[in-house]
Amino acid sequence: MTTKLPAVAFRNIFRNLRRSSLSAIAIAVSAMAIMALLALFECMEADMETNLTSYYTGEVRIRHESFEKYERYNPLHLSLDVDAVLPLAKSVEGVEAATSRINFPANLYLDGKNNGALGVGVDFATEAAFIDFPSLVSEGRLPQKGKNELLIGAILAHDLQLELGDKITVLTSTALRGSNAMTFEIVGIASFPVGGLSSKTLYIPLDRAQYMLRMEGHTQEILLQVADGYKEADVAQAVKELLEAELGLGTETKAWKDLNMMYSFLSIAKFIYYVMAGVFFVLGSTVIINTTMMVIYERMREIGTLAALGMQGKELTRLFLLEGSFISMAGSTVGTIAGLIIIAVLGKVGLNFTEAMSGVDMEISSILYPQVNWWIALFVWFYAILTATLSTLIPSRRASKIQIVEALRYV
Amino acid sequence: MSNRTRVITATLLCLLCIPLNLSAITADEIIKTMDGMQTFDTSYSTGSITTTDRFGAKVSTFKAWTQGSSDSLIEFTSVAERGQKILRTKGSLYLFYPDAEELIRLQGAALRQSVLGSDLSYEDMTEEKNTLDDYTVRLDGSQIVNGHDCHVLTLTAKTRQVAYPIQKIWVDKETYLVWKAAYSTAQGRLLKEMEVLDTIVVDGRTLPKETKIEDKMKRDSSTVMALDTLEVNIPLDRKIFTLENLTW
């Protein structure tokens, strides 16, 4: 009898196909939901990491050692000499790319009113390793070195009703703690994946920013990209030590993960994601357990009959365990495949959160493109089978111990 | 006492009181005289603004022209802000930056922004000398400030358009120079303090040569505005105070 159990269990599935299908569908839907959610969270985490390292901090950021202490006063005079620091930083093993940036608060003077924005002076040539500007430009072109030209975020341009070719006067505080204003021509409009960048930011050539901010030859920060196989923290330490040894320059050189604000933000975000994923996991598991247990309890009469015909308790347990595992295998496989298809489609089409994210100042892209992760797929497939199979244990063990007379009372 | 004696006594008392009444200057008169002493038909000055804060001292130099009580033009000559100008004409304030293709007009709260990161606001730098138009004045008494006998006056704003709702000023009884001032909110919160460190006599008037201003909203910050030269009532081209001249 024992050797025939798999065949009996398999046949039982088709004896009540509707019931078996319902059970399998419940498992499939749960597996699919869990998988899609995990893929989405993984995508959000990776997206935030990419955005932070591309648009904000690089993988390693070098600043004047006192900059952070006085950051709220916009201390642009606490700067770095580009010609001295950049070549040294690039010479460190593991540094793949380096670029200079100057972030400054700017007022855009329009029709007698000042409109707040964030200005960024960048070297568009060396930025290629950090921000893929050409792919972000939705209209026009990139500003050219030496010219009073700027690239403006699409939402900011829309809000201020600015178009290509318009001229705008940017008013700001300088490194010499004075003020200055320059007029720039809008030569490009960019749609950044992060809503906050599109709605607040404008980019100008680094040399123009240095001139306007009275920072000739200097920069606020130098960002580094680290080659594969190197640890960001190790590279940061090596750069810091080299700058101290060669230039006697004290810097705040840190890996992006060690930049308190950003990393703690990512950690909080991760924690929130995992809590949300956990809730969905519990919900999905509950559906699987509930469905499987109900299927067993529905069949008490059948269990009684089988016991009356001489089937042993252990055989009964094994029979239902096998039945549960067959159904969960089918459900989990279908759910996982469906999840993979959904993720693949969303990976192409994208999940658009532009409306929901408007006004939310987070470093997450407005459109997310979840990617298929085979390890997640394997985990969810296995997890769904295990949960569903184990959840048949409780009722089937109870069923195996039930008295025949009592089982037949379920009629 | 006979009627004749009474009349003579009353007359004498009245005569004695006349000098007292004549010498009792009112708060409004003090302010009018004070404004008058600070106002010239025209003036030209050069000077510097030294701002000291947590990052050290920074010096900006300037040239300034004034006309009457409401027109003034300041041009910065220090390297960091060379060519930048501030023009105030009746009711309007404009900023000129050499690299900007348009003038920036400041109005409302923007007038209270700091000039070159100093403790001075644009309004402080270019304020009109018509105090009684904006404030009601109360004479609180007398006090000695730096060895000078001063009237102590409290000015309360008539409108909400002014930068300082309450001003307490110490005006020299002889020269009508404001030696000291404390600027506060309507609730009494101290915003700024001003103190004259040195004076200059021009055209028979004593004027501040070196003034220290402390913005109490900033920590460890003070600004000393010093005049190197001051010429008054000189011939000036009226076009100096026009927008056309500003962009020239």
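This section describes a predicted model with chains A and B. Residues are numbered from 1 along each chain as its sequence is written, and chains are lettered from A and ligands numbered from 1 in the order in which they are written. Local features need pLDDT of at least 70 and side-chain atom pairs count only at pLDDT 80 or more, while totals for chains, interfaces and linings use all residues.

Chain B contains five helices and 13 strands. These elements are DSSP runs numbered from the N terminus (helices, H or I, at least four residues; strands, E, at least two). Chain B has 248 residues, and 29% of them are buried. A buried residue has 20 or more other C-beta atoms within 10 Å of its own, with C-beta atoms placed from the backbone. Two residues are in contact if their C-beta atoms, placed from the backbone, lie within 7 Å. Of the contacts in chain B with a separation of 6 or more, 45% join residues 24 or more positions apart.

Helix α2 of chain B spans residues 27–38. Its 12 residues reach 17 Å from first to last C-alpha, close to the expected 16 Å. The expected span is 1.5 Å times one less than the number of residues. I31(B), M34(B) and M37(B) are the buried residues of α2(B). They lie on the same side of α2(B), because they cover an arc of only 125° around the axis. The arc is that of the directions from the helix axis to the C-beta atoms. The buried residues of α2(B) pack against α4 (131–134), β7 (135–145), β9 (166–172), β10 (178–184) and β12 (205–215) of chain B.

Between the chains, 14 residues of chain B contact 18 residues of chain A. On the chain B side, β2 (56–67) and β6 (104–106) each supply at least two residues.

Chain A is assigned domain 1 (2–53 + 264–408) and domain 2 (58–256). Domain bounds come from an automatic or database domain assignment. The centres of the two domains of chain A, taken over C-alpha atoms, are 48 Å apart.

The largest nonpolar core has 81 residues. Such a core is a set of buried Ala, Val, Leu, Ile, Met, Phe, Trp, Tyr and Cys residues joined through C-beta atoms within 7 Å. L150(A), L151(A), I152(A), L202(A), L213(A) and V171(B) touch the most other members. Strand β8 (residues 179–190) of chain A gives the largest share, seven residues. Another core, of 52 residues, lies apart from it and includes L37(A), I131(A), L223(A) and W256(A).

Methods. A residue is buried if 20 or more other C-beta atoms lie within 10 Å of its own, exposed if 12 or fewer, and partly exposed in between; C-beta atoms are placed from the backbone.
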